[in-house]
Amino acid sequence: GRHGPGEEDARQRPPALALVDHRVRIGVGDRSARRGDDDLDAVVAAINRAAAKLARDVAGADALVAGSMGPCMRPRQMWQESLSEEYRAAFLEQATALAEGGVDALYLETVDHLHELLLAASVARSVGLPVFASFTVSPRGETILGREIEEVVAALERSPDVDGMGI
């Protein structure tokens, strides 16, 4: 079949790697868009738990499985302390479901705001798994919100909740 740029045919890779490469992105990332959607709220944890269990079952003992967690905030949205408890609950819901599904670590990605990234790391750490954080850097060496890379790296290095980071 045809594949997009940079995609290789999944049939050419071992089955465990083919499945583990595909992360389920429903849940925390769409939280603000679905506030009050009780039907979707009821299945988010189940979907994350099932996806993690499936990846764990396929990977077996020969591979590590990382559960991907994305942001609650929309791109370029400004931090609002008044929403931090809602975000904390959403991150905990997803982190708990991924841990129950059998992931070996939690991977925080596409989070633009440093406050949100540190909050997510704190919550993710509470389920007892290693936590890895990543962020996007422009060619100018800044995050999407204009923070210098050195500032973000220093904040993540100081955090007791982050085991590793990537850009």
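Read along the sequence, the chain follows the pattern α-α-β-α-β-α-β-α-β, and its elements amount to five helices and four strands. Helices (H or I, at least four residues) and strands (E, at least two) are DSSP runs, numbered from the N terminus. The model is a predicted one, in which local features need pLDDT of at least 70 and side-chain atom pairs count only at pLDDT 80 or more, while totals for chains, interfaces and linings use all residues. Residues are numbered from 1 along each chain as its sequence is written, and side-chain values use heavy atoms, with hydrogens and water left out.

Of the 167 residues in the chain, 40% are buried; here buried means under 20% relative accessible area, exposed means over 50%, and partly exposed lies in between, with a 1.4 Å probe and protein chains only. Contact means heavy atoms within 4.5 Å, and among contacts between residues at least 6 apart in sequence, 72% join residues at least 24 apart.

**Helix packing**

Two packed helices are described by the angle between their axes and the distance between the axes. Axes are lines fitted to C-alpha atoms, for helices over the stretch in contact, and angles run from 0 to 180 degrees between N-to-C directions.

| Helix pair | Angle | Distance between axes |
|---|---|---|
| α4 and α5 | about 20° | 11 Å |
| α3 and α4 | about 45° | 9 Å |

The angle makes α3 oblique to α4, whereas α4 and α5 are roughly parallel to each other. In this scheme, angles under 35 degrees count as roughly parallel, over 145 as roughly antiparallel, 65 to 115 as roughly perpendicular and the rest as oblique.

The crossing of α4 and α5 is right-handed, and the contact is formed by L114, L117 and L118 of α4 together with V152, A155 and L156 of α5. By class, this contact of α4 with α5 holds six nonpolar, no polar and no charged residues. Ala, Val, Leu, Ile, Met, Phe, Trp, Tyr, Cys and Pro count as nonpolar, Asp, Glu, Lys and Arg as charged, and the others, Gly among them, as polar.

The crossing of α3 and α4 is right-handed. Residues S84, Y87, R88, F91, L92 and A95 in α3 meet E116, L119, A120, S122, V123 and A124 in α4, and the residues of this contact divide into eight nonpolar, two polar and two charged. A crossing is right-handed if the near helix is turned clockwise from the far one by less than a right angle, and left-handed if anticlockwise.

**An aromatic pair**

A search of the whole structure finds one aromatic pair. The rings of W79 and Y87 have their centres 6.0 Å apart and their planes at 55°, so the pair is tilted. Rings of Phe, Tyr and Trp (its six-membered ring) pair if their centres lie within 6.5 Å, and planes under 30 degrees apart count as stacked, over 60 as edge-to-face and the rest as tilted. Both W79 and Y87 are buried.

**Single residues**

G70 has its place in the loop between β1 (66-69) and α3 (84-101), and at 5% relative accessibility G70 counts as buried. Although G70 and V111 are 41 residues apart along the chain, their C-alpha atoms are separated by 6.2 Å.

T110 lies in the loop between β2 (105-108) and α4. Its phi is near 60°, a positive value in a residue other than glycine, and T110 is partly exposed, with a relative accessible area of 43%.

A66 is found in strand β1 and is partly exposed, at a relative accessible area of 40%. Not counting residues up to four places away in sequence, A66 touches V103, A105 and Y107.
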